[in-house]
Amino acid sequence: MSALPAEHDTPPRDALLASTGRPRGGRLPLALAALGVVYGDIGTSPLYALKECLAHGGMRPIAADVLGILSLIFWALTLVIVVKYLTFVMRADNRGEGGILALLALLQEANTRRPSRLASLALIGAALLYGEGVITPAISVLSAVEGLEVATPVFEPFIVPLTVAILLGLFLVQRHGTGRMGSIFGPATLVWFVAIAGIGVLGIVREPGVLAAVNPLHAVAFFRHHDVHAFLILGAVVLCITGGEALYADMGHFGRGPIRVAWYAVVFPALLLNYFGQGGHVLASCASGISSTRCDEALRNPFYAIVPDILLYPMVAIATVATVVASQALISGAFSLTQQAVQLGYVPRVQIRHTSAAREGQIYVPLVNQALMVACIGLVIVAQRSSQLAAAYGIAVTGTMSITSLLFYAVARDRWQWPRLRAVGLVALFLGVDLAFFSANLAKLSSGGWFPVGLAILILACMTSWKMGASWRGAEAARLRVPFVELVEALRSSRPTRVPGTAVFMTQDPEGAPPALLHQLKHNQVLHEHVVLLTIRTSNVPEVPPAQRIQLEQLDRGFWRIVASYGFMETPHVPEIMQLAYAAGLAKGRGRTSFFLGRETFVVAGRSTLPRWRARLFVFMARNARSPAEFFGIPPNDVVELGAQFQL
């Protein structure tokens, strides 16, 4: 048995791109596009990562400390990004898709023995990713704009207002989609990586000895000398690998090959050159004493300190563009995560707009966009400085990475049938690094780390309450269920009046009689000439090919059954389903087509097994959920709603 699944276990890349409508092209164009979407976050980490490491208590601008920190950064990038994600985790794909919820769907398909525990872990990881989506735009843009005060203190009062203006503009243009901006994302980020590599070389030339940091003995010596301080500084070192989860989450957009090409050809060399260049500049500037003005400037902002004066303003402009691109990637990721959560039943229906007719992955979720905008701008106004936000950043990142390692173990054991020893050995290495970073970041709970944890708890409470409430509602519906065969038998004797037209009843149970149909027969005592029972199912795959979209079955007495399948990254569209059904042989009625939907209301009455706070939260979310007609794209003039009340 091979240690890893073969590369061809997933559909060929060209076939996958053709079927999903994602960008096609050779590996190099896709690698260029991946620079902007996948590597925007980790690529802008040099703006603040080394600065936060050097600002940590007990650190000195001497060779031993600087080389120790650089060695930790080098090996963090190598072990987490290269070994964990690029080599192993990215093999665990679900028909080409990656990410926390895609990994959960993969495990559900494998009939894992630990479904509830794994689902809980995946939901916690998803909730933490939302926290990262809030912090990333705020810290990235703020740290870039702070470069202006390096040029002159005159700009200091304008740092926060300018950051807020940039973030406001970024969120306001989301409704137009990323298609128009996407063409410049890759090239703009390439310019950024070339620029940071170039200025990094300048620092290395000043102090070539920093290249010795690739030797892990410097990291070992650093831990021996600083003890607890060395462990706590891991909370700052982790900033250099923020965005690592995006390698996995965005895999479906570009494929493993282009993402790896972009990393090894551009991103990894540029990051190392810049980090080592910053370290070299600090050592060269502080060689004459740590109290010198030049040394103070290098320690205050080592990224901009290395930039020649004549290039400072252009670098601030390039950095600002790069951080906007990095922010866009996290915002788009929050949109995709929300869409997956809706389809998997963990979030109520929300408005999802497709901003591109050619690329299904380009979506816009107004509610999420507004929430992120308020949270990001509020963070900037409260924090004022990027250093204040850095404390809140690491917990979300390291928590998500740790959960990914645990879910990867489940895939290795349940999906790939790895021997226990092999799976435990590899995942123990991953968790050893992940949990070390996570534990170091726990020390920052009181200084800002509480924010992503609190946000994740709130989001997790909403997701689990909605899932539990929906399960209770399903159990109640099953209790009141009337089998379809019994309804047909009753119709043979009662023979209600048939009227022209087609009636479409949406139901979650294809074998049961829809409650809306029973209400219509009870109150109106008529039946349309053609009656369609439509069930929409979410598959454990990212997208379902159009050829496999529907299953059409003709039943007795003018009844038809349609079962439509959608992937967890797709939004169902009922008009599309009906067109496919007509093309497959569904008979058209003489009159119009009407869609009968159930309008459900919930009242907290203490009947369910849910805790009262969960019941109230579920009722609140249900009242504010998007109507089925809007969500499924049904024309409002063709909809008939029939109400039903449930007592929780």
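Close-up 1. Cys286 is buried, with a relative accessible area of 7%; buried here means under 20% relative accessible area, with exposed over 50% and partly exposed in between (1.4 Å probe, protein chains only). This is a predicted model, in which local features need pLDDT of at least 70 and side-chain atom pairs count only at pLDDT 80 or more, while totals for chains, interfaces and linings use all residues. Residues are numbered from 1 along each chain as its sequence is written, and side-chain values use heavy atoms, leaving out hydrogens and water. Cys286 is joined to Cys295 by a disulfide, S to S 2.0 Å, where a disulfide is a pair of cysteine sulfur atoms within 2.5 Å. The structure holds 1 disulfide. Cys295 is buried too, at a relative accessible area of 0%. Look along the S-S bond and you have a right-handed link between Cys286 and Cys295, with 90 degrees about that bond.

**Close-up 2. Cys240, a cysteine in no disulfide.** For Cys240, the nearest cysteine sulfur belongs to Cys53 and is 7.4 Å away. Cys240 is buried, its relative accessible area being 0%.

**Close-up 3. Cys376, a buried cysteine.** Here the relative accessibility is 0%, so Cys376 counts as buried.

Close-up 4. Thr400 sits in helix 21, which covers residues 386-415; helices (H or I, at least four residues) are DSSP runs, as are strands (E, at least two), numbered from the N terminus. Thr400 counts as buried because its relative accessibility is 1%. Setting aside neighbours within four places in sequence, Thr400 is in contact (heavy atoms within 4.5 Å) with Ile100, Gly125, Leu128, Leu129 and Glu245.
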